[in-house]
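Please view the sequence and the model together while reading.

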2 protein chains.
Amino acid sequence: MFPNPKKIFIQGKIHPEIQVGMREISLNDKEIPSLKIYDTGDSSQAKPIRHAWPKPAGGLTQRQAAQKGIVTPEMEFAAIREGVDPETVLNELAEGRAVLPANKKHPECEPMIIGSKFLVKINANIGNSALGSSIEEEVEKMAYAVSLGADTVMDLSTGKNIHETREAILRKCPVPIGTVPIYQALERAGGNPDNLSWEIFRDTLIEQAEQGVDYFTIHAGLLKNCIPLALKRTTGIVSRGGSLMACWMQTNKQENFLYTHFGEICEILREYDIAVSLGDGLRPGCIADANDEAQFAELKTLGELTKIAWDLGVQVLIEGPGHVPLNKIKENMDLQQKLCHGAPFYTLGPLVTDIAPGYDHITSGIGAAVIGMLGTAMLCYVTPKEHLGLPSKQDVRTGVITYKLAAHAADIAKGNPQALLRDKALSRARFDFRWEDQFALSLDPETARTFHDGASNAEFCSMCGPDFCAMRNTRKIGE
Amino acid sequence: MFPNPKKIFIQGKIHPEIQVGMREISLNDKEIPSLKIYDTGDSSQAKPIRHAWPKPAGGLTQRQAAQKGIVTPEMEFAAIREGVDPETVLNELAEGRAVLPANKKHPECEPMIIGSKFLVKINANIGNSALGSSIEEEVEKMAYAVSLGADTVMDLSTGKNIHETREAILRKCPVPIGTVPIYQALERAGGNPDNLSWEIFRDTLIEQAEQGVDYFTIHAGLLKNCIPLALKRTTGIVSRGGSLMACWMQTNKQENFLYTHFGEICEILREYDIAVSLGDGLRPGCIADANDEAQFAELKTLGELTKIAWDLGVQVLIEGPGHVPLNKIKENMDLQQKLCHGAPFYTLGPLVTDIAPGYDHITSGIGAAVIGMLGTAMLCYVTPKEHLGLPSKQDVRTGVITYKLAAHAADIAKGNPQALLRDKALSRARFDFRWEDQFALSLDPETARTFHDGASNAEFCSMCGPDFCAMRNTRKIGE
């Protein structure tokens, strides 16, 4: 994927057993001779690295360890990746403003941190559906997404071989894996949401926890009394998990069992140190439904659940919309921070218009960059196939790169020095016509090189030709 | 391009000779049975429609007519397209907050209005370079861009047959055409910027004015004393026109002749009613140079020139950046409005990061949507080939659709009722699984249909399959 990749390793100081991989890019630039880039390991070489690391006594979660002032190997690893000191990671974890998802049973995971004080992260969704894909294809999509820079991967399989697909993915995966356990619970319930139950869900949760899933999306905030609000909408409920729970509540005339059993769920999660990602079952599925009563009623409940999880030692992410017009994005961010006590926000897009199916990586990339700038910690990618079909490998590529650039734009807007330096290095290469340096610094070197139709040493490109190249002219003036 | 296009025409009331074309989309929806969409005519059927329309006495420009309270056919035409009354168009033109670019010698042009009170417009750049393309290819790109929804087209040809290419484009083009006359002036100067002169430029201007160009980008605001500021930058001058003038000033040790002769330029423009688009020769070409002293010094000069042009009856657009991080976009918009007395802003992007060559339609689409929301009147598209090569026809498509969605996202954020209705109609179709209605309402029906891999009457798609379709589940609950 990247030209002449040079992998370097930085050793831990507190924990010398950790070795944090980085990609080093050498440049023909006196001012910036090289750049170290945050880089996840190759999934084909995934190893259970965390087996050999010391664990905090008493089976503490990262949150609990942070609250006790213990810098775990995971915290130091994440701190080195971010270029911050371990205390920053520890403090943000202790306050709940960040999460470090790392199931004790996923030793292949290279620890990373998700919070508004750190680099904005992106998640790539993969997974089969009843209508397509195989285990091999899904493992390949995961590896591909990670190689392109996905920070976490969610396996959203709803088709055949859910358990085996997840197992194959986890054992190869150097980034945290998230799932939505209700999907597999539905399989166990024979495909009929009316037959779901707490017991089925609990067993599914434990099964997935044992495999090593690092965070679970759980739609515990969608309460029975919100269903009428959702039915008034233009597009109702557009969350798969949310709609399943709504079906179950409507038929069984009971409160959401994910809500009534939330304490028990957290106890299971604490055992493994799995983060809970509180799902937004009532996220708006269109511009007309954005920021409505249903959405914000659920968000308020997510805030209550955040406190319960925190008190039980569990790390918390809050999921967010959806479809939201540009002028209503800030209200989402502000309310989420207020109602959810500063827990990190993890949003899908948001998509800023409904009318561009086939281009929803872009409609959502716009919203993602803006909400990232405002403080969202992780952006869930959207591919060009959104609303239309299951993403292919090429769609995964387009989705990941679009979200990497959106997250990076947010980092730039937040003034992250690493991010600013990379832009500067690339622009210096551009001005000097160092095409290979420019490609090496770009998010997708292969595509950039393919699109460049000039010679690699030419002091212009076909867009302007030699006489009209402004950079070339500027250099002449300067000489 | 669009399925079952039904063209309807709305007759003028003040000027019954005008017939404003719209695309009517019929829907299987009781609440929204049909929708009229702003739609430019097919360029293969371009006719000199404006020949038969009355002209204001005394050869007034649209600005001058508006200031005298005269509603021209062009104003009424634009008002009908926007769904506003003609007085709104007249007032915005009179105050200089909008422009209606329509050279008296471009009768094929369907009048349209550019201003922050109206729908956000997009421009598509076409044109050959010394390294490629032909007259036929460029006419085809223009027709293609217009069919996809480009509101204006700039012919930026810098290669062979500049005059003939422009003539072929103009006679087929139902949207305003913009050019950067200094490009052809350079050709006349034998390709050497040092040999440029006011006389060569003036002759070029008149030649293009006679052909019917509707607006000219003129880099009159880049003054001699700004060159040292630009040379300190990471990427210097990235405007082609700006760099040519800087070369000329540096060699000839004289002030920019576009500045010293600006009054004479305006007198020529007034004759034809050509709008001046004041070029930003010092736009930042990278994140590191955004909002710097050079950029804002030029913007201040553009504000002075705006007053000169207005006083001479000439309509004015102000061009803007460039590369700007998300957190610095608002300052650009605010300063432009203040320094340029409310004249409409016409921006290239801005690109919110430098590190995604190959994806700069997206990095710039993000900035474009945001600056559009803040009040920018027209967005100049950027294609995936930006920084790398001359755009192909497919790149034109990607660029136009990306910018249509960015402009639409801005319209939505500004609360435009037409824009909101289209999103609602599409989302209602989505919820009802009316796939054909959904495609017909989308910005690129062909691509959306290609990506949809299910049956056209299926109540799900391959993304989730039938059991996991949230919309299907919601409908069940509602029943």
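The points below cover the interface, helix packing, a salt bridge and the backbone.

This is a predicted model, in which local features need pLDDT of at least 70 and side-chain atom pairs count only at pLDDT 80 or more, while totals for chains, interfaces and linings use all residues. Residues are numbered from 1 along each chain as its sequence is written, chains are lettered from A and ligands numbered from 1 in the order in which they are written, and side-chain values use heavy atoms, with hydrogens and water left out.

**Interface between chain A and chain B**

- Chain A and chain B each bring 94 residues to the contact, where contact means heavy atoms within 4.5 Å.
- About 7900 Å² is buried between the two chains, and carbon and sulfur atoms give 73% of that area; buried area is the accessible area (1.4 Å probe) that two parts lose on being put together, summed over both.
- On the side of chain B, the residues that lose the most area to chain A are B:I355, B:F468 and B:I477, together 10% of what that side buries.
- Between chain B and chain A the count is 0 salt bridges, a salt bridge being a side-chain nitrogen of Lys or Arg within 4 Å of a carboxyl oxygen of Asp or Glu.

- Helix α14 (residues 360-373) of chain A packs against helix α15 (residues 393-413) of chain B at an angle of about 45°, and their axes are 10 Å apart.
- Axes are lines fitted to C-alpha atoms, for helices over the stretch in contact, and angles run from 0 to 180 degrees between N-to-C directions; helices (H or I, at least four residues) and strands (E, at least two) are DSSP runs, numbered from the N terminus.
- α14(A) and α15(B) are therefore oblique to each other, since angles under 35 degrees count as roughly parallel, over 145 as roughly antiparallel, 65 to 115 as roughly perpendicular and the rest as oblique.
- From α14(A), A:I362, A:T363 and A:I366 meet B:T402, B:L405 and B:A406 of α15(B).
- The residues of this contact divide into 4 nonpolar, 2 polar and no charged; Ala, Val, Leu, Ile, Met, Phe, Trp, Tyr, Cys and Pro count as nonpolar, Asp, Glu, Lys and Arg as charged, and the others, Gly among them, as polar.

**Helix packing within chain B**

- The axes of helix α7 (residues 198-211) and helix α11 (residues 262-272) of chain B come within 10 Å and cross at roughly 10°.
- α7(B) and α11(B) are therefore roughly parallel to each other.
- The residues of the contact of α7(B) with α11(B) divide into 9 nonpolar, no polar and 3 charged.

**A salt bridge within chain A**

- Over all chains the count comes to 60 salt bridges.
- One of chain A joins A:D334 to A:K330, with the closest N and O atoms 2.8 Å apart.
- A:D334 and A:K330 are 4 residues apart in helix α13 (residues 329-339) of chain A, so about one helical turn separates them.

**Backbone features of chain A**

- Most residues other than glycine have a negative phi, and most peptide bonds are trans.
- A:P321 and A:G322 are joined by a cis peptide bond with omega about 20°, and A:G322 lies in the loop between β11 (316-320) and α13 of chain A.
- Another cis peptide bond joins A:G349 and A:P350, with omega about 5°; A:P350 is in the loop between β12 (345-348) and α14 of chain A.
- A:D273, a residue other than glycine, has a positive phi near 55°, and A:D273 is placed in the loop between α11 (262-272) and β10 (275-278) of chain A.
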